[in-house]
Amino acid sequence: MVTAMDGSSMSSSADGLVNLEMDSQRTLYPYVTGSSVLGIKYKDGILLASDTGGSYGSTLRFKGIERIKVIGKHSLLGASGEISDFQEILKYLDELILYDNMWDDGNSLGPKEVHNYLTRVMYNRRNKFDPLWNSLVLAGVKNGKKHLGVVTMLGVHYEDNHVSTGFGNHLAVPILRKEWREDLTFEEAVKILEKCLTVLLYRDRSSINKFQIAKITEEGATIYPPYSLKTFWEFAAFKEPSKNAQGSW
Amino acid sequence: MEDMNLNAPHSMGTTIIGVTYAGGVILGADSRTSTGMYVANRASDKITQLDDNIYLCRSGSAADTQIISDYVRYFLHQHTIQQGQPATVKVASNLIRLLSYQNKSMLQAGMIVGGWDKHEGGQIYSIPLGGTILKQPFAIGGSGSSYLYGFFDQAWKEEMTKEEAESLVVKAVSLAIARDGASGGVVRTVTINADGVTRKFYPGDSLPLWHDEVVAHNSFLDILAGSSSPEPMST
């Protein structure tokens, strides 16, 4: 493989054919990654939750990363996946919100518009084989209407009453599907999220015990300070694994 | 012995560290640059100046980090002229991030930026592979850092004195050198605060001995001369 100064490269395979490859910029694989983000609609608005970890392969390298941010006046954005790409997306959104404010016309971008913008960004990058390696959760409330949606690195996008990314798709979604109801109170919604966060802590290797909950309502956005959850280990079978059989896995 | 692969790209296996303390920052690094299994430079300087008050710890590909630091030094110099005042640590770190992020498919560079400016005091920014930027009270990087996560979890404290912070950094690099084949040589530190910049140099023999390491001598003959029988080998 020979790489020229302009980034283009050529390689020849065993049968002698030459393959010209234009490698402008491609995220080939992620380096520093965040794990699941959870979102749930409740009576007054929407709650998002995530842990504050940034993994570097299998190492739990960074433990204080805020993966949920406020966007404009009406939205929250949570991200899993490559943190450098998330930081870049935040810069794109800064620019978007800035231009929106410059109009100075009393109107402001709502969550639906931001979700649509992100969908276009992610899908167009996917088409160039140069994805932003993230799964995004966009939540917001404007004029009484709640919006909760997901955009993935492939450009897949959807909305629902409760959403999850990464491992959360497998572990949290079944819990959310069973326990979600219309008009949950703030306390009920937090309890459901914490149930999901605990399961992810037990069963997702890339999760850490340091979480952030964020709330968005018509009044505004709040990102609460990080906190940890207790875990339960006092099952008899855990304490005496060999009681009923030789050894234990 | 297997082929030493003397044409492998120069890579700094490396241990790099940056810590903040009560008045500024301390940057530390080992000094080994390897080409495959061969040590191409045993006394390299991995702590590079970007500006009077801002330094960069480099790990990964030697070529990549050298060219990145050259570009950023050049941009920062222009920026200082245009602004009419010294560049901030945040600006220098973001320039490193931009080059790292925008060329992520081609670069192998893990870097730590440390410096002092009058707006925010001492700051450390970590910029690992991929171009993520994170401001941290302390940062570790390079292959040797794997051995230091547990050490820092236990030994790190906020608001240390300059002396405490310096000895923490030297101890840490020395521990990493003990276990990481890709780190070695001397320990270099750079201290940056309101009063300026100080470079220190700790040669191998001045470092503490860790598990299963023994005291250095000029010759076995000195040991023989010093006692009636040679030191017995322990099992």
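**Reading a predicted two-chain model**

Colleague: Where in chain B is Gln123(B) found?

Modeller: Gln123(B) is part of strand β9 of chain B, which covers residues 121–127. Bear in mind throughout that this is a predicted model.

Colleague: How do I read its accessibility: is Gln123(B) buried or exposed?

Modeller: The cut-off for buried is under 20% relative accessible area. Gln123(B) has a relative accessible area of 1%, so this residue counts as buried.

Colleague: Which residues does Gln123(B) touch, leaving out those up to four places away in sequence?

Modeller: Among them are Thr20(B), Val25(B), Val89(B), Lys90(B), Val113(B) and Lys135(B). Gly114(B), Gly115(B) and Asp117(B) are also on the list. With Asp117(B) there is a polar contact as well, side chain to side chain, at 3.2 Å.

Colleague: Before going further, how should I read the confidence scores?

Modeller: The general idea is that where pLDDT is low, the predicted coordinates should not be read in detail. Here the average pLDDT is 89 for chain A, with 88% of the residues scoring at least 70. For chain B the average is 91, and 91% of the residues score at least 70. For the complex, the predictor gives an ipTM of 0.75 and a pTM of 0.82.

Colleague: Over which residues of chain A does pLDDT stay under 50?

Modeller: Residues 1–22 of chain A. The model does have 23 contacts for that stretch beyond four places in sequence.

Colleague: Now the interface. How many residues of chain A and chain B are in contact?

Modeller: On chain A 20 residues are in contact, and on chain B 19. Between them the two chains bury about 1,700 Å², and carbon and sulfur atoms account for 53% of that area. The interface also holds ten residue pairs in polar contact, both residues being at pLDDT 80 or more.

Colleague: Which elements of chain A give two or more residues to the side that touches chain B?

Modeller: They are β8 (59–62) and α1 (83–102) of chain A. The largest share comes from α1(A), with six residues. By residue type, that side of chain A divides into seven nonpolar, seven polar and six charged.

Colleague: How do I read the charged pairs?

Modeller: In general, side chains of opposite charge can pair when their charged atoms come close. The rule counts twelve salt bridges over all chains, and two of them lie across the interface of chain A and chain B.

Colleague: Which residues of chain A meet Lys104(B) and Arg97(B) in salt bridges?

Modeller: Lys104(B) meets Asp85(A), at 3.3 Å from N to O. Arg97(B) meets Glu88(A), at 3.2 Å from N to O. This second pair runs from helix α1 of chain A to helix α2 (residues 89–102) of chain B. Glu88(A) and Arg97(B) are both buried.

Colleague: What about a salt bridge inside one chain: with which residue does Lys195(A) pair?

Modeller: Lys195(A) pairs with Glu179(A), the closest N and O atoms being 2.7 Å apart.

Colleague: With which residue of chain B does Asp45(B) form a salt bridge?

Modeller: With Arg199(B), the closest N and O atoms being 2.9 Å apart. Asp45(B) sits in the loop between β5 (38–41) and β6 (47–51), Arg199(B) in strand β13 (residues 196–202), and the two are 154 residues apart. Asp45(B) is partly exposed at 32% relative accessibility, and Arg199(B) is partly exposed at 41%.

Colleague: To finish, what does the secondary structure of chain A come to?

Modeller: Chain A has five helices and 16 strands. Of its 249 residues, 47% are buried. Among its contacts between residues at least 6 apart in sequence, 60% join residues at least 24 apart.

Colleague: Which residues of α3(A) are buried, and against what do they pack?

Modeller: They are Gly168(A), Ala172(A), Val173(A), Ile175(A) and Leu176(A). These buried residues pack against β5 (37–42), β14 (162–164) and α4 of chain A.

Methods. Residues are numbered from 1 along each chain as its sequence is written. Chains are lettered from A and ligands numbered from 1 in the order in which they are written. Side-chain values use heavy atoms; hydrogens and water are left out. Contact means heavy atoms within 4.5 Å. Buried area is the accessible area (1.4 Å probe) that two parts lose on being put together, summed over both. A salt bridge is a side-chain nitrogen of Lys or Arg within 4 Å of a carboxyl oxygen of Asp or Glu. A polar contact is a pair of N or O atoms within 3.5 Å; within protein, one must be able to donate a hydrogen and the other to accept it, and residues adjacent in sequence count only if both atoms are side-chain atoms. Helices (H or I, at least four residues) and strands (E, at least two) are DSSP runs, numbered from the N terminus. Ala, Val, Leu, Ile, Met, Phe, Trp, Tyr, Cys and Pro count as nonpolar, Asp, Glu, Lys and Arg as charged, and the others, Gly among them, as polar. Buried means under 20% relative accessible area, exposed over 50%, partly exposed in between (1.4 Å probe, protein chains only). pLDDT is the predictor's confidence in each residue, from 0 to 100.
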